[in-house]
Amino acid sequence: MKAIELRRTLRTSPVLCALLIMLAVCGIAVFAPLLATMDPLALDPTHRLSAPSATHWFGTDAFGRDAYSRVLHGARVSLVVGIGAAAIGIAVGLLIGLLVGYFPLFDAVVMRIMDGIMAIPGILLAIALISLSGAGLATVMVAIVVPEIPRVVRLVRGVILTVKSEPYVEAALSQGTRLPVLLWRHLVPSTLPPLIVQGTYIFASAILTEAILSFLGAGLPPETSSWGNIMAEGRMYFQLRPGLILYPGIFLSLTVLSVNIIGDAMRDALDPRLARRF
Amino acid sequence: MTPHSARRIAGGPAPGHPVLSIEGLNVCTAGGRNAATVLNDVSFTIDPGETVCVVGESGSGKSVSSLAVMGLLPPGELRVESGRILVNGVDMLTIGPAALRALRATEMAIVFQEPMTALNPVETVGFQIEEVLRLHTRLSRKARRERVLQMLESVHLPQPERVYRAYPHQLSGGQRQRIVIAMALILGPRLLIADEPTTALDVTTQKQILTLIRELQERHNTAVLFITHDFGVVSEIADRIVVMHHGRVVETGSRTDILSNPRQVYTRSLVTSVPSLVPAAPNPIQPDCILDVRKLGKIYAGRGVLKRVKALPAATDISFSLHRSEIAGIVGESGSGKSTVARCIAHLMPASEGAIVLDGTDIARKPVGTLGTARRHIQVVFQDPYRSLNPRMRIGESLIEGLTNFGETRQAALQKAGALLEVVGLAPEALQRYPHQFSGGQRQRICIARALALEPQVLIADEAVSALDVSVQAQVLRLLREIRERTGIAVLFITHDLRVAAQICDSIIVMHQGRIVESGSTRAVLTQPQAPYTQSLIAAAPGKHWDFQNLCPLPTAEPDYPHPIRSGLSTPDIPGVSHAQPITRRQP
């Protein structure tokens, strides 16, 4: 029944478009070295800030690097950050959420810590972390994932609290099922549908946050071809070469928009009650 | 002109004219080409002042017909295909939504099963009853309030002024249902539809509500369409009975016709599967004691960091013993602590005090991890068959869970599971299927199979047949008895239904407010109850004057058979029953 629902939701045109765009972005990320016309890091001081041409499709930046190749490689960075953040966020959140939901003892303490984390603005935390331990992919990931964890924990906790009192869980208990097995076999599966949906949102917001951090100069090292970095460098020459901001900007918005549309569609499909209400 | 005055001008139907007449009603699912028929050519009538009971098992279409009358069929899901529904001669299906809205509450009203969800939790009940008057009359504010207070008084709520300002959660289940009835009857509708109005209530409260409906009906000559699955209730209140099955009317007749001389095979099987209140022949009690519960107590600790919350004793001083192949019943109303006792014994929650001695060892205080084989010797079958099996797991996986936990190989466990399914009357192919592919009764059989897989010494059935239709209930009870005979298992049978207890239990423990008030053999407790509470419980059991198996009235000392509810207009409050105690839901 769920499969039918999923297929029906996915068949609407915005969702199909979003899926196609995501497929294209993934293709670009995987085959970036093949699709790129040049090395994204190769400097060419003689061709600085050149206009789009047959050799430089999107033009070049202030160091003469090929903007087109950099934007393609930027898709790699974005997807790695997005998928990584979603995976880590969900894994950690699920673990904490399980403990908190199942053991009331943890609940009071851990949830207050989570509330604390939620109170800190994500960007501020990221900037603080990076100024403490220096820029790099790992730091950026931590900075992006940490603010997302409380949301995942709350989600998992809610599901566990409801499912924990289901008679089938009590039946399993009285059948002598040990706790780790019980959690894995009877409780975790019901958290998965909402987690998949939450994952897409983390994915989208991670891509966005990485771009923001890089744009602010608090993200990945400047030589990395990330969309945020490209835009940050293009900012100064906006009047001369608007493409340096425009092209990575378009890629960024389309990717984030598609991920969000897909996430909404999955929520509607996996939780039909919400779909009807909105 | 308000609809209210409109009706008065019209003067209502001539006497002898039916208030409600359903003619050839067909309802189907709104599914386009593959629409399924839900109601098939349903016809019946109700005269003024008459009570017609529509009975049937779940899925028979009895609720759908009542919703169709009120014009409340879920849009987009069910639609009326053909037929007429005449209320006072006006066809509900053709008058349009605005006219229908005007007729609700003035001409016809409905009372639902669950009074908590039928009331708005954020408004006072006074405001909610007054809303009916605000919408349908032009009374002044003062007159409205007066009218509401009058109505509260006529449904016998104490201190109407206080109740007027109360919120639904501050009232008990029975009080809430009185409010809903007050709301339904305040404009004096000619037709009252009551859709299982007492199913969520305890028997003693049920009796009071039935009496109230009868009293108001007689005062206003209201026609009552009463939907129920409970033949006990039917035998007390019905003038005529409509039996429904699979969306069709199987049989219509007077109460005596249907209950003592059913013409259709289906009606006969339905009536005769109602368990009798007369205790069945007891099983001789074996001398060896399997489970000994001594002075068991459970206190729900007060929680709350900032303010002190009072600790709540849910069970106090519970002592009894269970012998080999004995079926012992724990009966009581909601909140009596019977489920608490069951859950403590099953080790689903720790007992606060006392001992639970199984095979010579006290397991009451053992941490769950060290229970070892004691865990497998006490197994539970829960009330709700729809929630007791993991919907994501195949039946086979659910059945072998316990066996593999205790070291059996997958292969051997699956073989055993297949054999167990045959024991409970299902084909071994069921192993490959998922829970949603089975009916409630079949699922309960699967749950019993799962409990038996570990070859326990004690089986706890916590309201295990309460969610099932009577015919299915009878089958499951038979199965339990067979298993007891075959394996010598001892069963602790928790139920609120005295009829079921009378049929299956060898001994009965009556609980009230967390304490045992009476215990003994089923025969002794049911025929010569000593405690006043037990007496009131038995007195409130609906249909105790009718022998459903033999289709005739029971010979009783009390000669008030003809209409027990009618003759006793105001039942005195039952001793020992606290009305202040809110009843929010049935025992889990």
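Predicted model: local features only at pLDDT ≥ 70, side-chain atom pairs only at ≥ 80, totals over all residues.

**Cavities**

- The structure has five cavities of 30 Å³ or more.
- The volume of the second largest cavity is about 50 Å³. Its lining is made up of Val55(B), Gly56(B), Glu57(B), Thr228(B), His229(B), Phe231(B), Leu270(B), Asp469(B) and Val470(B).
- For the largest cavity, the volume is about 50 Å³.
- Around the largest cavity you'll find Thr51(B), Leu210(B), Ile213(B), Arg214(B), Gln217(B), Val224(B), Phe226(B) and Ile237(B). Helix H9 (203–220) and strand E8 (223–228) of chain B are the elements that each give two or more residues to this lining.
- H9(B) provides the largest share of that lining, with four residues.
- Sorted by class, the lining of the largest cavity comes to five nonpolar, two polar and one charged residues.

**An open sheet in chain B**

- Four strands of chain B make an open sheet in the order E2-E1-E4-E5, with antiparallel pairing.
- Which strands stand at the edges? They are E2 and E5 (90–91) of chain B, and each has a single partner strand, so one side of each has no neighbour in the sheet.
- Strand E1 (residues 20–29) of chain B is mostly covered, with eight of its ten residues buried.
- E1(B) runs antiparallel to strand E4 (residues 78–87) of chain B, and eight bridges join the two. To find this pairing on screen, look for Ser21(B), whose bridge partner in E4(B) is Leu86(B).
- E1(B) also runs antiparallel to strand E2 (residues 37–46) of chain B, this time with six bridges. Here Leu25(B) stands opposite Val42(B) in E2(B).
- E4(B) and E5(B) are joined by two bridges and run antiparallel. Val87(B) has Val90(B) in E5(B) as its bridge partner.

**A parallel pair in chain B**

- How do E16(B) and E17(B) pair, in the parallel or the antiparallel sense? Strand E16 and strand E17 (residues 458–462) of chain B pair in the parallel sense, over four bridges.
- One place to look is Gln379(B), which has Leu459(B) as its bridge partner in E17(B).
- In a regular strand, side chains alternate between the two faces of the sheet.
- Strand E16 (residues 378–381) of chain B has Ile378(B) and Val380(B) pointing one way, while Gln379(B) and Val381(B) point the other way. All of these residues are buried.

**A covered helix in chain B**

- Helix H13 (residues 338–345) of chain B is mostly covered, as seven of its eight residues are buried.
- The buried ones are Lys338(B), Ser339(B), Thr340(B), Val341(B), Ala342(B), Cys344(B) and Ile345(B).
- After H13(B) comes His347(B), which has a positive phi, near 65°.

- In soluble globular proteins, nonpolar side chains tend to be buried together.
- The largest nonpolar core has 65 residues, and Leu187(A), Phe203(A) and Leu252(A) have the most contacts inside it. Helix H4 (residues 67–102) of chain A gives the largest share of this core, 15 residues.
- Leaving aside residues up to four places away in sequence, Leu252(A) touches Ile207(A), Leu208(A), Ala211(A), Trp227(A) and Met231(A).
- There is also a second, separate core of 56 residues, which includes Val132(B), Leu187(B), Val224(B) and Phe226(B).

**Chain A as a whole**

- How many helices and strands does chain A have? The count is twelve helices and zero strands.
- Chain A has 278 residues, and 47% of them count as buried.
- The C-alpha trace of chain A spans about 75 × 45 × 30 Å along its principal axes.
- Take the contacts in chain A between residues at least 6 apart in sequence: 70% of them join residues at least 24 apart.

Note on methods: Residues numbered from 1 in each chain as written. Chains lettered and ligands numbered in written order. Heavy atoms only, no water. 1 Å grid on protein atoms, 1.4 Å probe; cavity = no way out; pocket = protein on both sides within 12 Å on 5 of 7 lines; lining within 4 Å. Points joined across faces, edges and corners; volume = space filled by probe spheres on them. Nonpolar A, V, L, I, M, F, W, Y, C, P; charged D, E, K, R; others polar. Buried < 20%, exposed > 50% of the residue type's maximum accessible area, 1.4 Å probe, protein only. Pairing = 2+ DSSP bridges. Core = buried A, V, L, I, M, F, W, Y, C linked by side-chain atoms within 4.5 Å. Contact = heavy atoms within 4.5 Å.
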